[in-house]
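Trainee: I have not looked at this one before. Can you take me through it?
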Amino acid sequence: DKMAAVLTAYRDNPPSEVAGVKVTSVDDFLLNPPTDFIPSNVLRFNFEDGSFVAIRPSGTEPKCKVYYCIAGKTREEANEKILKFKEFFDIK
């Protein structure tokens, strides 16, 4: 129930920005899956700098999985940004 509530909360109230980086779109693979894609309870937040974060419930554990693809001009910038993104998406 908690995993579903987390995804519903993000689905109903997606962030407009994270760590100062604007969210440009949200892909909802459950309500609006791509053509020829099996609907799945996954949300992907796409950011203006090319980064994205995907969230899905675990299939084997009572938790959500969060996947980060972070863009930065340098490795240091990307490392700093991922820490901020992880803090924002800290699901407990």
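Mentor: What follows goes through the strands, a helix, the core and a few single residues.

Trainee: What should I know before starting?

Mentor: This is a predicted model, in which local features need pLDDT of at least 70 and side-chain atom pairs count only at pLDDT 80 or more, while totals for chains, interfaces and linings use all residues. Residues are numbered from 1 along each chain as its sequence is written, and side-chain values use heavy atoms, with hydrogens and water left out.

Trainee: And the labels for helices and strands?

Mentor: Helices (H or I, at least four residues) and strands (E, at least two) are DSSP runs, numbered from the N terminus.

Trainee: Strands then. How do E1 and E2 pair?

Mentor: E1 and E2 are antiparallel, with 2 bridges. Two strands count as paired if DSSP finds at least two bridges between them. Val18 stands opposite Val21 in E2.

Trainee: What is in the turn of that hairpin?

Mentor: The E1 and E2 hairpin has 2 residues between its strands, and Ala19 in the turn has a positive phi of about 55 degrees.

Trainee: How many bridges hold E2 and E3?

Mentor: There are 5 bridges between E2 and E3, again in the antiparallel sense. Val26 stands opposite Phe45 in E3.

Trainee: How many for E4 and E5?

Mentor: E4 and E5 run antiparallel and are joined by 6 bridges. Pro57 is opposite Cys64 in E5, and the hairpin of E4 and E5 has 6 residues between the strands.

Trainee: Switching to H2. What span should it have?

Mentor: H2 covers residues 75-88, and at 1.5 Å a residue its 14 residues should span 20 Å. The expected span is 1.5 Å times one less than the number of residues. The end C-alpha atoms of H2 are 20 Å apart, which agrees.

Trainee: Which residues of H2 are buried?

Mentor: Ala78, Lys81 and Phe85 are buried in H2. They cover an arc of only 65 degrees around the axis, which puts them on the same side of H2. The arc is that of the directions from the helix axis to the C-beta atoms. Buried means under 20% relative accessible area, exposed over 50% and partly exposed in between (1.4 Å probe, protein chains only).

Trainee: Why do residues three or four places apart point the same way?

Mentor: An α-helix has 3.6 residues a turn, so residues at that spacing point the same way.

Trainee: What is on the other side of H2?

Mentor: Glu76, Leu83 and Glu87 are exposed there.

Trainee: What do the buried ones pack against?

Mentor: The buried residues of H2 pack against strands E1 (17-18), E2 (21-28), E3 (43-47), E4 (52-57) and E5 (64-69).

Trainee: Now the core. How many residues has the largest nonpolar one?

Mentor: The largest nonpolar core has 16 residues, and those with the most contacts inside it are Tyr10, Phe45, Phe47, Val53, Ile55, Phe85 and Phe89. Helix H1 (2-12), E2, E3, E4 and H2 each supply at least two residues of this core. A nonpolar core is a set of buried Ala, Val, Leu, Ile, Met, Phe, Trp, Tyr and Cys residues joined through side-chain atoms within 4.5 Å.

Trainee: What does Val53 touch?

Mentor: Contact means heavy atoms within 4.5 Å. Beyond its neighbours within four places in sequence, Val53 has contacts that include Leu43, Val66, Tyr68, Phe85 and Phe89.

Trainee: Next, Asn46. Buried or exposed?

Mentor: Asn46 is buried, at 15% relative accessible area, and lies in strand E3. Its side chain makes a polar contact of 2.9 Å with the side chain of Asp27, and another of 3.5 Å with that of Arg44. A polar contact is a pair of N or O atoms within 3.5 Å; within protein, one must be able to donate a hydrogen and the other to accept it, and residues adjacent in sequence count only if both atoms are side-chain atoms.

Trainee: Where is Ser51?

Mentor: Ser51 is in the loop between E3 and E4, and is buried with a relative accessible area of 1%. A polar atom of the Ser51 side chain lies 2.8 Å from the backbone nitrogen of Ala71.

Trainee: Last one, Ile38. Buried or exposed?

Mentor: Ile38 counts as exposed, at 69% relative accessibility. Ile38 sits in the loop between E2 and E3.
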